[in-house]
Amino acid sequence: MKESFPAESKIREYLLGRLDDQPETEDQLSRQMIFDDELSEIVDSVEDEIIEDYLDGTLDESDKKAVEEYFLRPPERREKLRFARLLRDRFAKNNKAVAETGQPRESRPVVVFRPRLRQSIYIGLAAAVLLVVSCVVYRAGVRRGVQSQLEISRNAQSELEKQLEQERQNSADVAKRLEKHEPLVAVATFIGRFRDTGPGQVVKVWPGTQQVGVEIQMPGSSGKAYDVVVQSKSGNQIWAQAGVKASSDSLAFEMLRRLFTAGDYCVVVSSQPGRYCFQIKVEK
Amino acid sequence: MTAQPASDPGLFEKFLVWLSADRDQALKKHEQIQKKITKYLVRKGCPDSEELFGETRDRVIEIVNTGREYDNPDALFYSVARNVWLEEQRKVRPEPLPDDFAGCSQEPERKELMARCLDTCLGKLPKPEGEFIIQYYEGQGQGKIEARKHLAAALGGDNIVRIKAFRIRAKLRACITDCVNQAAN
């Protein structure tokens, strides 16, 4: 993408008719889009994305209104919308994901689970492998008829069995927590525009939750570093880190769960206007 | 390609000569400009882009036939189209969208036909494109976001994924339109 091209956010503003009252800016962008085929294709792709976001229900109220009152006025765009719905319906049959609740995204808490279950499974598997190896050693000892080796193997086996049982219990605990949607890491995810008003999205934490994570989608941020501060509602700094690097257009970081009690918090990112706010809710 | 100006055919021929001395090239150029200007008018939210393009073209034909020199047809067309759009904005109150703007109440037979055509067209995609579009639409909600992040990481960024998806969708739309038209004939 050429550096002279407008940012995706600007293109979206243009397509939603928000630049129509800025004649110079609108004229400049219109000319660029008409005379540059590469930019025109990018604009077409952003149009498709607006349609996808509209069907996903992830647009905020203002954008949704702009889509329905401006963006979808041309019949060509409504045809695109119908086609997009056709594609999504087709692929929905292949998907195993849980159906949407039907609520607007802003009122639905978004939590991403990042269990450490795999780690427990790997430890369990490693213990099982050791158990198998010790069984092989045991059989070899019997063949050689070495009594002391047999005794050692039996002891090792017994020890490993205890460890395996312990790991199984740990895995079962974690699985139970997951079943009840108790994440080890509770994450607040911000996509598109940030929320600077109201309590923001709700992030639930359980007794077993160890970390609170934040993930902010920021197009064009890959490779850049930001200073991040997390504040309580009263403005007290809870956590801060300088030089947090974004990757894949996303800024992500984790904090110790014990820093947070129930209440409202906001994330301030350097060089970004506004704040990303969320609410911690403690579950029993 | 048909070009049907409202004005005198003689004026239209002069207009074509202005686009290019070669008539075939002139018609091709006219078609390219028509696509660009129509797309511009759609992006400006005009519900009647074809009609407004016709208005634009008629005005350009009149301007060209005044004898003044205009070296850049694209630039002239754009300037006139923008004026047409501004005038249209001033006089037209936007109509509310029809209730079924999303096409939810399409006839079941048509929906069924389009779904069959989509399956056919998906089968015609080259394997990498087919696999890509399946991955692109994988999951819902957070799952979909994660799937697209993986794609972006694999392909080199969100922009690349977006453009690739757009191109494949455009291909599918054209294929489905052909398929539906063939079924109708």
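Which strands of chain A make up the open sheet of five strands, and in what order? Select β2, β8, β7, β4 and β5 of chain A: the order across the sheet is β2-β8-β7-β4-β5. The pairing is mixed. Keep in mind that this is a predicted model.

**Stop 1: the sheet edges**

Colour residues 201–205 and 237–245 of chain A. These are β2 and β5, the edge strands. Each has a single partner strand, so one side of each has no neighbour in the sheet. Now look along the sheet. From one strand to the next, the twist averages 25°.

**Stop 2: β7 with β8**

Select residues 263–269 and 276–282 of chain A, which are strands β7 and β8. They pair antiparallel, over five bridges. For a landmark, pick Asp264(A); opposite this residue, in β8(A), is Gln279(A).

**Stop 3: the β4–β5 hairpin**

Move to residues 225–232 of chain A, strand β4. Six bridges join β4(A) to β5(A), and the two run antiparallel. Four residues lie between the strands of this hairpin. Click on Gly235(A) there: its phi is positive, near 95°.

Next, select Val228(A). Its bridge partner in β5(A) is Gln241(A).

Stay on Gln241(A), in strand β5 of chain A. Is Gln241(A) buried or partly exposed? Its relative accessibility is 39%, so Gln241(A) counts as partly exposed, because that class runs between 20% and 50%. Show its contacts beyond four places in sequence: Tyr226(A), Asp227(A) and Val228(A). Draw a distance from the C-alpha of Gln241(A) to that of Asp227(A). The separation is 5.9 Å, although the two residues are 14 apart along the chain.

**Stop 4: all of chain A**

Zoom out to the whole chain. Chain A has seven helices and eight strands. Of its 284 residues, 42% are buried. Count contacts in chain A with a separation of 6 or more: 69% of them are between residues 24 or more positions apart. The accessible area is about 15,400 Å², and carbon and sulfur atoms hold 51% of that.

**Stop 5: over to chain B**

Switch to chain B, where there are eight helices and zero strands. Its 185 residues include 42% that are buried. The accessible surface of chain B is about 10,500 Å², with 50% belonging to carbon and sulfur atoms.

**Stop 6: a helix pair**

Select residues 23–43 and 73–91 of chain B, helices α2 and α4. At what angle do they pack? The angle is about 35°, and the axes are 10 Å apart. The crossing of α2(B) past α4(B) is right-handed.

Show side chains at the contact. From α2(B), pick Lys29(B), Ile33(B), Lys36(B), Ile37(B), Tyr40(B) and Leu41(B). From α4(B), pick Pro73(B), Asp74(B), Phe77(B), Tyr78(B), Ala81(B), Arg82(B) and Trp85(B). By class, nine are nonpolar, four are charged and none is polar.

**Stop 7: a lysine between chains**

Finish at Lys144(B), in helix α7 (residues 142–155) of chain B. Is Lys144(B) buried or exposed? Lys144(B) is buried, because its relative accessible area is 8%, where buried means under 20%. Beyond four places in sequence, what does Lys144(B) contact? From chain A come Glu52(A), Asp56(A) and Arg88(A). From chain B come Tyr136(B), Glu138(B) and Gly139(B).

Methods. Residues numbered from 1 in each chain as written. Chains lettered and ligands numbered in written order. Predicted model: local features only at pLDDT ≥ 70, side-chain atom pairs only at ≥ 80, totals over all residues. Heavy atoms only, no water. Buried < 20%, exposed > 50% of the residue type's maximum accessible area, 1.4 Å probe, protein only. Contact = heavy atoms within 4.5 Å. Areas by Shrake-Rupley, 256 points an atom, 1.4 Å probe, with all protein chains shown as cover. Axes fitted to C-alpha atoms, helices over the stretch in contact; angles between N-to-C directions. Left-handed = near helix turned anticlockwise from the far one by under 90°. Nonpolar A, V, L, I, M, F, W, Y, C, P; charged D, E, K, R; others polar. Pairing = 2+ DSSP bridges.
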